[in-house]
Structure formats: C-alpha cells, structure tokens
Amino acid sequence: MQPLPETPIELTIERLGQLGEGVASWQGRTVFVPGAFPGDVVRVHLEQQGKVLRGVLRQVTVPSKDRRPSPCLLSAECGGCDWLELAEPAQRAAKQEIVLSTLEHLGHLPRDRLTVRPLLVAPRDTGYRRRAVMHFAKGALAYFGRRSHERIPVFACGALTPVLATLPGKLAPLLKPLAKDADEVHLLAEGSKAAFAVMLMGPVTARHVEAAEEAVRRLRLEGAVLVPREGSPRLLGKPALRSLSPLRPEVPLYLRPDSFAQAHAEANVGLVTAALYELAPRETDAVLELYSGNGNFTFPLAATASSVLGVESSPVGVELAQRSAREGGVANVRFIQGDARKVCEGLLAEGRRFELCLADPPRTGAPGLARQVSALGMRRVVYVACDPASLARDAAGLVEAGYKPLALQVVDMFPQTHHVEAVMSFER
Ligand SMILES: C[S@@+](CC[C@H](N)C(=O)[O-])C[C@H]1O[C@@H](n2cnc3c(N)ncnc32)[C@H](O)[C@@H]1O
C-alpha cells in the first residue's frame with residue numbers, strides 16, 4: 001500500500017456514508033470525511049484508522065450548494081446533531097439513499113425487488129426530541145462530543161421539545177449532590193410535562209433522594225426515578241408520563257424516563273401508521289410483537305388483530321404496557337418479560353403458531369429472527385429498524401429463510417442527524 005501524503009490533499013465529496021460522514025475517493029480507495037457533505041470540495045489530512053481511511057477536515061474550499069451555517073453554537077463540538085450544516089431536502093434524500101444502498105451492499109437486496117415508498121417527512125425539524133441522555137461534566141449536564149466521549153456541557157438544546165429545551169441548565173446545579181455517584185441523567189417530556197431519571201453507579205441514598213425531590217419541586221416536574229446499579233428503581237412523584245396510544249387514543253400509553261420511548265412523538269405516529277399498514281392484521285391473525293417496549297405498536301395492532309403477544313426485556317417497559325392494557329380495557333394483549341430470542345425458543349417448544357410478526361429491535365438487530373419467524377409459521381413480518389446495517393443483515397436472513405421483501409418505508413424521525421428509521425415488510 002502506498003504511504004499516505006503528509007500534507008493535506010483536496011477531495012470532492014460524492015455522497016454520505018451510513019454513519020453520516022462525507023465519502024470521497026482517493027487513488028481508488030474510499031475516504032470517510034466527517035463534517036463534509038456531497039458537493040463540497042475539501043482539504044483533508046489523510047489518516048489510516050484500522051482498515052478505514054479517514055480524512056480529517058482542514059478546510060472547505062468550495063462549499064456544496066446544500067451547505068448552510070449551523071443554527072447551533074455548539075455544533076462544531078457536540079455529538080448530538082451532525083447534519084445541522086446540511087439543508088433539510090438534502091438530508092432527506094441522503095437518508096432514503098443510505099437505507100437503500102445499505103440494503104443493496106450489505107443485504108444483497110436490489111431496490112427493484114421491493115416497493116420503495118416516498119420518505120415520510122418529520123412534522124418538525126427542530127425542537128422535536130422528547131427524550132435525551134446526558135452526563136455530568138464539571139457541574140453541568142453534557143452530551144458526548146463529536147466522535148468522542150469528551151463531555152460537552154449543554155445548558156439549553158434546540159433539538160429538545162420546548163419543555164425540555166432549557167432543563168439541562170436548570171437541573172444540573174440542583175443535581176450536584178448526585179453528580180459523583182451517577183452515570184447518566186435521562187430527560188423525558190410528554191406535552192408540557194417532564195420527568196428525569198438518574199442512573200446511579202451504586203445504591204440510592206437519602207442524599208440522592210433529597211436532591212432529586214428538591215429538583216422535582218423547584219422545577220415543577222412530574223417526578224423522577226433514581227435507578228441504582230442493582231435492585232429496584234426508587235420513584236419520586238409521578239415519573240410515568242401519560243400519553244395516548246398512537247391511532248388508538250382511547251388507550252393511554254405511559255412513558256418513563258428510565259425506559260425506552262420513541263424520541264419524536266409526531267413522527268412516531270407516522271412510524272406506527274406505516275408499520276400497521278404493512279402488517280395489515282386481520283381479526284383472525286395472532287401477532288407476535290418482539291421488542292414491544294411500552295406497547296407503542298401493541299395497542300394499535302390489537303385494534304384489528306385477534307391477539308398480540310408482546311415480548312420485551314425491560315421490566316419497566318412491560319409494567320408500563322400492562323398498565324395501559326389494564327386502564328384501556330384491552331383484553332387481547334399479553335406481555336412476556338424476557339430476551340426475545342429465548343422467549344421465541346420457549347414459544348416454539350410449546351408448539352405455538354402466529355400469523356404475523358412485528359419486530360422493532362435495538363440498534364444491534366434481532367438475532368435469530370429469520371429462523372424463529374419461519375419456525376413459528378409466520379406469513380408476514382414487519383421489521384422496524386433504527387440501524388440500516390442491522391436491517392440489511394436481518395433482511396438478508398429473512399430472504400434466505402424464504403421471505404419475499406415487499407415494501408420499504410423510510411421515516412425521517414431524527415432531522416439534523418444522520419439517524420434514520422425504516423419499516424420493511426416481508427411475506428411468505
Ligand atoms: C427500539 S426499542 C422499541 C420499543 C417499542 N417497540 C417502541 O416503539 O417504543 C427496542 C426495545 O427492545 C428492548 N430490548 C432490547 N434488547 C432486547 C432483547 N434481547 N429482548 C427483548 N427486548 C429487548 C428494549 O428494552 C427496547 O424497549
């Protein structure tokens with residue numbers, strides 16, 4: 001291999017990569033340039049990082065027509081929103097293309113083998129995030145920096161919903177007595193209500209409770225959760241925020257700051273609608289819903305299906321979903337707390353059969369999904385993905401198991417970032 005030049009070189013950015021970086025070519029090799037966008041002509045310093053050739057951005061010589069000044073003062077350092085300097089139409093086009101090309105390259109699934117629906121645009125481009133994970137840093141709350149675990153103190157954040165936007169700056173001084181014992185602080189909002197959770201590195205003490213209660217009182221929050229390293233969380237006030245089930249407003253949906261919640265409430269309605277449209281449950285269909293969380297998809301699915309069995313590893317997620325079922329009077333849903341793979345093995349051993357599966361796994365994907373849905377007799381599978389690479393790998397597995405890809409709906413859940421959500425359907 002030829003040695004890398006010691007002085008910066010000029011490159012033209014061709015496209016955006018899966019992790020949001022600009023991609024260019026140099027002597028037949030692919031170069032990833034964080035902070036650069038398609039159409040930019042840039043000067044970069046080349047660095048070999050493992051197998052990857054990276055270009056450290058030194059200067060944008062000719063800016064792309066889609067480049068714009070960032071509206072956020074922290075965007076050069078903060079790891080939160082990596083596409084703030086790219087105009088929204090270009091962000092959207094890139095997201096659709098990233099999902100399609102990842103399916104092609106990693107999943108060997110050409111785009112002409114499925115119906116590609118137009119991208120679902122988020123109703124709000126800023127001020128949409130109803131949850132955030134923050135860390136303590138020198139008396140402040142912080143996000144991780146760009147491509148590093150350096151902590152960037154944040155007092156206000158325009159990506160958060162109005163009720164959360166200035167909470168980091170107000171909460172940090174009140175939580176000071178907890179700072180050295182805690183790992184993370186999770187913020188959560190639902191409409192005008194907000195709550196927080198503190199993930200502790202040890203047990204809950206009286207000092208922690210006193211500080212968190214004071215913060216809840218002073219900031220007029222609904223409640224807080226103190227989560228010890230081991231044992232049950234300590235609830236202060238009413239940290240479970242009541243929302244409405246998407247497409248089924250007669251059923252309440254509860255969110256808690258120590259449990260997963262879809263970050264963009266309005267775009268989530270589009271996501272659930274898209275998943276329901278693709279799965280199309282009928283009244284004779286038994287649905288297995290893997291990674292069911294707080295029941296975000298469960299209650300809309302149960303409106304037309306014969307039954308829904310939700311599987312979720314988080315005890316809090318299951319508790320919230322069961323509460324919704326109870327209060328909403330929904331009788332045709334049941335939840336099992338456990339690892340999706342192990343629960344599927346158990347269902348197989350019992351000889352259970354299901355017609356439909358909806359899987360909404362974390363970033364790492366759904367291990368063993370293809371084998372399980374096939375053995376459980378599923379006719380149709382809908383996969384909701386927050387990571388294009390995991391989607392591509394699991395989609396390839398489903399195709400190998402005899403499922404035909406039907407349709408793909410990309411949803412822009414996270415404007416100003418490279419993160420993207422997708423719904424893909426399969427049938428056998
Ligand atoms: C992307 S979230 C989706 C949750 C829910 N479907 C929603 O829309 O809010 C993934 C969920 O999978 C759960 N989870 C993670 N690993 C799991 C596993 N091995 N088995 C079952 N659930 C798991 C997480 O707790 C989380 O609630």
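In what order do the six strands of the open sheet lie? The order is 1-5-6-4-3-2, with mixed pairing, where two strands pair if DSSP finds at least two bridges between them. Strand 1 (9–12) and strand 2 (15–16) are the edge strands, each pairing on one side only. Within this sheet, strand 5 (residues 41–49) and strand 6 (residues 52–62) run antiparallel and are joined by nine bridges; Gln 49 has Val 52 in strand 6 as its bridge partner.

The model is a predicted one: local features need pLDDT of at least 70, side-chain atom pairs count only at pLDDT 80 or more, and totals for chains, interfaces and linings use all residues. Residues are numbered from 1 along each chain as its sequence is written.

Turning to the whole protein, there are ten helices and 23 strands, taken as DSSP runs numbered from the N terminus (helices H or I, at least four residues; strands E, at least two). Buried residues account for 48% of the 428 residues, a residue being buried if 20 or more other C-beta atoms, placed from the backbone, lie within 10 Å of its own.

Buried residues of helix 10 include Pro 388, Leu 391, Ala 395 and Leu 398. Just after helix 10, Gly 402 takes a positive phi of about 105°.

How values were computed
Buried ≥ 20, exposed ≤ 12 C-beta atoms within 10 Å, placed from the backbone.
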